[in-house]
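Subject: Structure handover

Hello,

Here is the structure I said I would pass on.

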Amino acid sequence: MTNFKALLAKNESETIQTAIEELTLSDLPTGECLIKVHYSSVNYKDALATKKGGGVVRIYPMIPGIDLSGEIVSSTDANFNIGDKVLVTGYQLGTAHFGGFSEYACVPSKWIVPLPTGLTLKEAMIIGTAGFTAALSIHALEQNPLAVTDSILVTGATGGVGSMAIAMLNKLGYQQITAASRKATASTDYLHNIGATTVTTPAELQLEKIKPLEKQLWQGIIDPVGGHGLTQWLAQLSYGGTLALSGNTGGLHFDSTVLPFILRGIHLTGIDSVSCPMALRKSLWNRLATTMKPDHLEMMIDNEITLNELPTAFNKILSGEMTGRTLVKIH
Ligand SMILES: NC(=O)c1ccc[n+]([C@@H]2O[C@H](COP(=O)([O-])OP(=O)(O)OC[C@H]3O[C@@H](n4cnc5c(N)ncnc54)[C@H](OP(=O)(O)O)[C@@H]3O)[C@@H](O)[C@H]2O)c1
C-alpha cells in the first residue's frame, strides 16, 4: 500500500487546524483516475478553506488545493493512460473532494484536462486557477466589441488573477493596459515588466461623489476585487464596454444605477472558473499554451514552496500581500 503525504485541514472547535499527515491510497475519494501530483498553486480560495467561517469547505477533514498538475498512475477510463500528463482545476477539488495539496489525488475523469502541448506541468500551475480565471475574463471581454488599441483596466493588479490578466493581455497585443493596485508604488516595476502600460493606485473611494455616468475611460475591465469599487468602474465603462467580475477581495456589496446599462449599453459579466464547461475549459487551456501564454511566466512566481510552507502562504494571500503566484512543488 502506497503511503503519501498531504496537507489535511480539520475542523476543531475554535479553528481549522492544518497538518501534514501520512495517508494511504485507500484514504482518497473514489474517481476513475489516480494522479501523482507534481505541482499545485496557492489561490485565495485555498486560504479560505483553512479559515473558520471561510465558506469554502462544508465537510472536514479536507485536503485543500483547488489546482493540480501531474501524471496519471492508474485509470479505469480508456481516455486516460498511465503516464498521461494532466491538470485539474475547480469543480469540487479541494472544497468537497480531496484536492491538490497532496502527493496523490484521485479524481473523476470528467474533471481532467490533458496537458496541452506548449505547457509544462510547472507552467500549468504557475497559471493555475488564477490564470484560467484571467483567461475566462479576457474571453468575456472578447464577446463584445474590443480592439487591441482600446483601454483596459485590471484591478487587484498584483494578485494572481490580476497579474495573469495583465500578462495575457500584453501577449495578445493590447496596447493600453492600466494596472490598478493598492501596492502600485512598491510594485510599479513588476507591473510594467509583466505588461502594464500604466500603473495607478485606486483613489480612496468617496461613494457619494461618484456620478451614475462618469467620463468614459475603459472599454474593458477585469475586476477580481469587486465590492464598492464597482460603483465607480461601471460609471466609467465606455459605450458597449464590458466588466468581467471574478472576485470579492474588496467586499461583497456595491451600489449602481441602471443608467450606464441603458444609456451606454455596458455589460457586466460574472466569471466562474469552477463549473466552466469542459469544451470552453479545453479551448482556453489551448490558448493559454499558445497565443495567450505569457512570455515571462517564471517572473510571475512570488514564491515556490513545499507542502510544509503552505500555512505561511495562506496568511500572506489573505492579507493581500502576495505579488503574482505561489507555486507548490510536490513531486
Ligand atoms: N470567480 C472565479 O471563478 C474565481 C477564480 C479565482 C479567484 N477568484 C476570486 O478572485 C479574487 C482574487 O483571487 P486571487 O487568487 O488573484 O487572489 P490574490 O492573489 O490575493 O489577489 C487579490 C488582489 O486583490 C487586491 N486586494 C486584496 N484585498 C483587497 C481589499 N481589501 N481591497 C481591495 N483590493 C484588495 C490585492 O491586489 P493589489 O494589492 O494589487 O490591489 C490582491 O493582491 C478572490 O476574491 C478569489 O476568490 C474567483
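Axes here are lines fitted to C-alpha atoms, for helices over the stretch in contact, and angles run from 0 to 180 degrees between N-to-C directions. Helices (H or I, at least four residues) and strands (E, at least two) are DSSP runs, numbered from the N terminus. The model is predicted: local features need pLDDT of at least 70, side-chain atom pairs count only at pLDDT 80 or more, and totals for chains, interfaces and linings use all residues. Residues are numbered from 1 along each chain as its sequence is written, and side-chain values use heavy atoms, with hydrogens and water left out.

Helix packing

Helix 2 (residues 121-142) packs against helix 3 (residues 160-171) at an angle of about 60 degrees, the axes being 8 Å apart. Helix 2 is therefore oblique to helix 3; angles under 35 degrees count as roughly parallel, over 145 as roughly antiparallel, 65 to 115 as roughly perpendicular and the rest as oblique. The crossing of helix 2 with helix 3 is right-handed, that is, the near helix is turned clockwise from the far one by less than a right angle. On the helix 2 side, the contact (heavy atoms within 4.5 Å) includes Ile-126, Ile-127, Ala-130 and Ile-138, and on the helix 3 side Val-161, Met-164 and Met-168 are among the residues met. The residues of this contact comprise 11 nonpolar, 3 polar and no charged. Ala, Val, Leu, Ile, Met, Phe, Trp, Tyr, Cys and Pro count as nonpolar, Asp, Glu, Lys and Arg as charged, and the others, Gly among them, as polar.

Helix 3 also crosses helix 4 (residues 184-194), at roughly 40 degrees and with axes that come within 8 Å. That angle makes helix 3 oblique to helix 4. Ser-163, Ile-166, Ala-167 and Asn-170 of helix 3 touch Tyr-190, Leu-191 and Ile-194 of helix 4, giving 5 nonpolar, 2 polar and no charged residues.

Helix 2 and helix 7 (residues 278-288) cross at roughly 110 degrees, with axes that come within 10 Å, and are therefore roughly perpendicular to each other. Their contact includes Phe-132, His-139 and Glu-142 of helix 2 and Arg-281, Trp-285 and Arg-287 of helix 7. By class it has 9 nonpolar, 3 polar and 3 charged residues.

Ligand site

Around the ligand there are 24 residues (a heavy atom within 4 Å), of which Thr-158, Ser-181, Lys-183, Ile-271 and Ser-273 come nearest. A polar side-chain atom of Ser-181 is 2.6 Å from a ligand oxygen atom. Val-161 has a backbone N or O atom 2.8 Å from an oxygen atom of the ligand, and for Gly-159 the corresponding distance is 3.4 Å.

Backbone details

The Tyr-60 to Pro-61 peptide bond is cis, with omega near 0 degrees. Pro-61 sits in the loop between helix 1 (44-49) and strand 4 (67-75). Tyr-91 is not a glycine, yet has a positive phi of about 50 degrees; Tyr-91 belongs to the loop between strand 5 (85-89) and strand 6 (104-107).

Regards

Note on methods: Polar contact = N/O pair within 3.5 Å; in protein donor to acceptor, adjacent residues only side chain to side chain.
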